[in-house]
Amino acid sequence: MADYETETDESLLVHVQRGDQRAFAVLVTRHVKKFHAAAYRMCSDAQESEDIVQEAFLKLWSKPQMWDPSRGAKFSTWFYRIVTNLSIDKMRRKKAIPVGDVIDVFSDTRESQETELYEKEKQGALEGAIQSLPERQKTALNLCFYEGLSNREAADIMGVSVKALESLLVRAKGALKDELSRRGMLTEPARRQSYA
Amino acid sequence: MREDVLFDAILRERHVPEMPTNLAYRIIEAAKPRGAEKGFTWTAFQRVMSEIFVIPQPAFAMAVVLMIGVYSGMQYTSEQSMEMTMARANLSSFVVADLSVDYGEFQ
C-alpha cells in the first residue's frame, strides 16, 4: 500500500478519482486549514467559511473528474477557484456587512483592557474596510496578498488578464489606504489616542 | 513611505479565527456515505489496465489472462460444437431416408 502522506496533491487526486477515501482524507487534512482561512477572508464569517470549505471538498469528492490532470493545473490553484467561487456565491446571497457594524459588535460585547479593545477595534475596522471593497478587488487582494499566489495564478483563478488583476490590486490597496487613513489608523501615535 | 510600511503592517495583522479542530474529520465523515462517482470512461479503464501490468499486480494480471483464456476457449468450443451438431443431423437424416426407402420396397 502506497504511503499517501508523501504523495503529491495531484497524485492523490488520481486516487480520489478512483474513489479512494484514504487519499481524500489525506488531501482534506493537508489543506483544510489553508482553504478555511481563504474562505473566511472572503466572507468574514466563521460559520459560513466552515460551510464553504466543507462544500468545496464534498464537491471534489462527489465529482472528482472535475479536476483534469491533462490541463497541468496545480491542485491548490484549481481548488482556490472552487473555494473563491463558492464564497462569492454565498456572499451574493447574503447581505453585505456595513463597515461600522463589526466595530460596534466588538465595542458592545468586550469590556476588557484598553489594549485588547484597541486591537479588536482595529481588526474590526480592517475587516470592515476589506469587506466593503468591490467583490473583484477583494478577491484579488485576498488571493495575491493573503494567499500568496502569483499574479498569473490569481488572474487564472479570477478569469482575468494579469494586467487587469494588477489594476484591481492597485485600486483595492488605494481604497483601503484611504479608508484606514480616514480612520487615523495610518499615523502611529494618533491611532491609539483615537481609540482610547 | 512610512505610511506605506505601516499600511502593509496593518494589512498583515488581519486576523483569521482558528479553524475548529474537528473540521477535517467532519468533512471526511460527510464524504463517506456519498461515494465518489465512478462513471466508466475509456481513459480511466486504460489507466487501470496499464497499471495492472506496468506496476506488477500478479493476481489481477492472472485474473485478466484467465478471463481472456476462458472467453476465447468458449468461442472455439461453441463454433466446433455447432459444426458437429450439423454434421450429425445430416447423417441421421440420410440414414432415416434410406430406411424408409427399404421399408417401402418390401411392401
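Predicted model: local features only at pLDDT ≥ 70, side-chain atom pairs only at ≥ 80, totals over all residues.
Colleague: Why does P69(A) count as exposed?

Modeller: P69(A) has 12 C-beta neighbours inside 10 Å. Residues are numbered from 1 along each chain as its sequence is written, and chains are lettered from A and ligands numbered from 1 in the order in which they are written.

Colleague: Where is P69(A) found, and which residues does P69(A) touch?

Modeller: P69(A) is in the loop between helix 3 and helix 4 (75-93) of chain A. Helices are DSSP runs (H or I, at least four residues), as strands are (E, at least two), numbered from the N terminus. Leaving out residues up to four places away in sequence, P69(A) touches E10(A) and V14(A). Touching, or contact, means C-beta atoms, placed from the backbone, within 7 Å. P69(A) and V14(A) are 55 residues apart in sequence, yet 8.3 Å apart in space, C-alpha to C-alpha.

Colleague: What makes Q131(A) buried?

Modeller: Q131(A) has 20 C-beta neighbours inside 10 Å, so Q131(A) counts as buried. Q131(A) lies in helix 6 of chain A. Its C-alpha is 8.6 Å from that of R41(A), 90 residues away along the chain.

Colleague: How do you know that the span of helix 9 of chain A is close to the expected one?

Modeller: The expected span is 1.5 Å times one less than the number of residues. Helix 9 of chain A has 21 residues, with 30 Å expected. From first C-alpha to last, helix 9 reaches 30 Å.

Colleague: Which residues of helix 9 of chain A are buried, and why do we say that they share a side?

Modeller: The buried ones are L165(A), L168(A), A172(A), L176(A) and L180(A). They cover an arc of only 90 degrees around the axis, which puts them on the same side of helix 9. The arc is that of the directions from the helix axis to the C-beta atoms. On the other side, K163(A), V170(A), G174(A), D178(A) and R182(A) are exposed.

Colleague: What covers the buried residues of helix 9 of chain A?

Modeller: The cover includes helix 6, helix 7 (135-146) and helix 8 (151-158) of chain A, along with helix 1 (2-12) of chain B.

Colleague: How many residues are in contact between chain A and chain B?

Modeller: 31 residues of chain A are in contact with 24 residues of chain B. Helix 2 of chain A gives the largest share of chain A's side, 11 residues.

Colleague: What makes up the largest nonpolar core?

Modeller: A nonpolar core is a set of buried Ala, Val, Leu, Ile, Met, Phe, Trp, Tyr and Cys residues joined through C-beta atoms within 7 Å. The largest one has 55 residues, and V28(A), A39(A), A56(A) and V83(A) touch the most other members. Helix 2 of chain A gives the largest share of this core, 13 residues. Beyond four places in sequence, A39(A) touches S49(A), I52(A), V53(A), V83(A) and S87(A).

Colleague: How many helices and strands does chain B have, and how much of chain B is buried?

Modeller: Chain B has 4 helices and 0 strands. Buried residues make up 6% of its 107 residues.

Technical notes
Contact = placed C-beta atoms within 7 Å.
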